[in-house]
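Colleague: I have a new model open and want to learn how to read it. Can you take me through the features one by one?

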Amino acid sequence: MILGIMIKYIPTALIAPPTTDDDFDEIVPLAALDGVPFVTGEQHTTTRVWIASELASYGAEPWISVEASQRGAVLPLVLNGAGMAIVPLRIALEAHEQGAVLRQVDPPLRRDIGVFHRPGALTRASAAFLDNVYANVSS
């Protein structure tokens with residue numbers, strides 16, 4: 001048996017290049033993202049697999065216009081017109097301040113963050129790790 005502890009969830013949003021304000025409604029159905037240019041991480045990364053899986057469950061397969069090897073490259077690529085991206089809400093808000101179009105998706109997507117461990121008493125190191133996680137991730 002494995003025990004799980006939910007730490008927090010990370011809401012996400014869709015960002016698009018500054019010139020695309022009229023291309024989508026304020027709330028974008030995931031199915032509407034079929035075939036649109038997307039900036040994403042490299043193949044087989046957890047975020048890309050998760051986003052692709054979520055979109056596929058609504059019949060959408062975006063066209064990958066750019067594969068960014070560095071997460072930090074996604075925002076500048078979107079701002080310069082390379083395509084759209086689904087990113088954590090805090091990054092989406094930063095992108096919006098820099099001119100990106102910000103949209104919600106329907107249904108909303110979120111990443112759950114948690115910790116799994118075996119049952120029973122935790123070692124001092126494990127307990128210290130969890131204390132650190134709560135102090136730095138849950139805020």
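Colleague: What should I know before I start?

Modeller: This is a predicted model: local features need pLDDT of at least 70, side-chain atom pairs count only at pLDDT 80 or more, and totals for chains, interfaces and linings use all residues. Residues are numbered from 1 along each chain as its sequence is written, and side-chain values use heavy atoms, with hydrogens and water left out.

Colleague: How much space lies in the largest pocket?

Modeller: The general idea first. Work on a 1 Å grid over the protein atoms alone: a pocket is an open set of points where a 1.4 Å probe fits, with protein on both sides within 12 Å along at least five of seven lines. Grid points are joined across faces, edges and corners, and the volume is the space filled by probe spheres set on the points. Here the largest pocket holds about 830 Å³.

Colleague: Which residues are the closest to its centre?

Modeller: Thr47, Arg71, Val87, Pro88 and Ile91, out of 32 residues that line the largest pocket. A lining residue has an atom within 4 Å of a point.

Colleague: Which helices and strands each supply at least two residues of that lining?

Modeller: Helices (H or I, at least four residues) and strands (E, at least two) are DSSP runs, numbered from the N terminus. The strands in question are β1 (3–16), β3 (37–41), β5 (85–88) and β7 (110–117). The helices are α1 (46–56), α2 (74–79) and α3 (89–97).

Colleague: How do the lining residues divide into nonpolar, polar and charged?

Modeller: Ala, Val, Leu, Ile, Met, Phe, Trp, Tyr, Cys and Pro count as nonpolar; Asp, Glu, Lys and Arg as charged; the others, Gly among them, as polar. The lining of the largest pocket has 17 nonpolar, 9 polar and 6 charged residues.

Colleague: Which side chain does Thr47 join in a polar contact?

Modeller: A polar contact is a pair of N or O atoms within 3.5 Å; within protein, one must be able to donate a hydrogen and the other to accept it, and residues adjacent in sequence count only if both atoms are side-chain atoms. Thr47 makes one with the side chain of Arg111, at 3.2 Å.

Colleague: Now salt bridges. How many does a search of the whole structure find?

Modeller: The test is a side-chain nitrogen of Lys or Arg within 4 Å of a carboxyl oxygen of Asp or Glu. The search finds 4. One of them pairs Asp21 with Arg103 at 3.1 Å, N to O. That pair links distant parts of the chain, 82 residues apart: Asp21 is in the loop between β1 and β2 (27–29), Arg103 in strand β6 (residues 101–106). Asp21, Glu26 and Arg103 are linked in a network of salt bridges.

Colleague: Is Arg103 buried or exposed?

Modeller: Arg103 is at 7% relative accessibility, so it counts as buried. Asp21 is partly exposed at 43%. The side chain of Arg103 also has a polar atom 2.7 Å from the backbone oxygen of Asp21, and reaches the backbone oxygen of Asp25 at 3.0 Å.

Colleague: What ties does Arg48 form?

Modeller: A salt bridge with Glu67, with the closest N and O atoms 2.7 Å apart. Arg48 lies in helix α1 and Glu67 in strand β4 (residues 63–68), so the pair ties together parts 19 residues apart in sequence. Arg48 is buried at 16%, while Glu67 is partly exposed at 42%.

Colleague: Last one: Thr12. What is Thr12 in contact with?

Modeller: Contact means heavy atoms within 4.5 Å. Leaving aside neighbours within four places in sequence, Thr12 is in contact with Trp50, Ile86, Val87, Pro88, Leu89, Leu109 and Arg110. Thr12 is in strand β1 and is buried at 14%. Its side chain reaches the backbone oxygen of Leu109 at 2.8 Å.

Note on methods:
Buried < 20%, exposed > 50% of the residue type's maximum accessible area, 1.4 Å probe, protein only.
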